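Subject: Handover of a structure

Dear colleague,

Please find the structure below, together with its sequence. My notes on what was found follow it.

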Amino acid sequence: MRIVLAAVLCLLSALPVVAGEAEVRSAQSAIDGQLKAFLADDGPAAYGYAAPNIKRIFPTVEAFMGMVTDGYAPVRRPKTYSFGKVEEMSPTSIVQQVLILGPDGKEYEAVYTLELQPDGTHKITGCSLRASNALST
């Protein structure tokens, strides 16, 4: 009986890892979609990945795109990007590092925060950006 109980507990403890991986994939898909929309100059699509809190601050596509263009040039026009460290803060909250080669040829670290929405999608709640000479993955 103890062996069966131990086996069940092992299986149950593995379930959050599987769910966590799906959450991470969903969050990364949102970031990737927004970056591709930026590169395609598709403001409405890029804005669609923003969470409600961002849309309250920037209530139009034009305001949002202006903020990104003025303050986040490496995110707006990345030459390349790759996903770095990720942390699941809660079942509904993800923090994802993105390593970016900016349009100026310099390396940057963008740290995205995302929240799971009632419709089951992840939306971007924030992004902090910093220049870096030595980025870790």
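Through how many residues does a hairpin join E1 to E2? The hairpin that joins E1 to E2 runs through two residues.

Before going further, please note that this is a predicted model, in which local features need pLDDT of at least 70 and side-chain atom pairs count only at pLDDT 80 or more, while totals for chains, interfaces and linings use all residues. Residues are numbered from 1 along each chain as its sequence is written, and side-chain values use heavy atoms, with hydrogens and water left out.

The sheet

Helices (H or I, at least four residues) and strands (E, at least two) are DSSP runs, numbered from the N terminus. Four strands form an open sheet in the order E1-E2-E3-E4, with antiparallel pairing; two strands pair if DSSP finds at least two bridges between them. Strand E1 (80-90) and E4 are the edge strands, each pairing on one side only. On average, neighbouring strands of this sheet are turned by 20° against each other, direction ignored; the axes behind this angle are lines fitted to C-alpha atoms, and angles run from 0 to 180 degrees between N-to-C directions. E1 and E2 are paired over eight bridges in the antiparallel sense. Ser90 stands opposite Ser93 in E2, and Ser82 has Leu99 of E2 as its bridge partner.

A residue of strand E2

Gln96 is found in strand E2. Because its relative accessibility is 0%, Gln96 counts as buried (buried means under 20% relative accessible area, exposed over 50%, partly exposed in between, with a 1.4 Å probe and protein chains only). The side chain of Gln96 makes a polar contact with that of Gln28, at 2.9 Å. A polar contact is a pair of N or O atoms within 3.5 Å; within protein, one must be able to donate a hydrogen and the other to accept it, and residues adjacent in sequence count only if both atoms are side-chain atoms. A polar atom of the Gln96 side chain also lies 3.2 Å from the backbone oxygen of Lys85.

The nonpolar core

A nonpolar core is a set of buried Ala, Val, Leu, Ile, Met, Phe, Trp, Tyr and Cys residues joined through side-chain atoms within 4.5 Å. The largest one has 24 residues, of which Phe38, Phe64, Val75, Tyr112 and Leu114 touch the most other members. Among the elements that give two or more residues to this core are helix H1 (2-39), helix H4 (61-71) and strand E3 (107-116). H1 provides the largest share, seven residues. Leaving aside residues up to four places away in sequence, Phe38 touches Ala46, Phe64, Met65, Val68, Val75, Arg76 and Arg77, where contact means heavy atoms within 4.5 Å.

Helix H4

Which residues of H4 are buried? They are Phe64, Met65 and Val68. Seen down the axis of H4, its buried residues fall within an arc of 95°, so they line one face of the helix; the arc is that of the directions from the helix axis to the C-beta atoms. The face turned away from this buried side carries the exposed residues Glu62 and Asp70. Gly66, also found in H4, is partly exposed, with a relative accessible area of 25%.

The loop between H1 and H2

Asp41 lies in the loop between H1 and H2. Although Asp41 is not a glycine, it has a positive phi of about 55°. Most residues other than glycine have a negative phi. At 47% relative accessibility, Asp41 counts as partly exposed.
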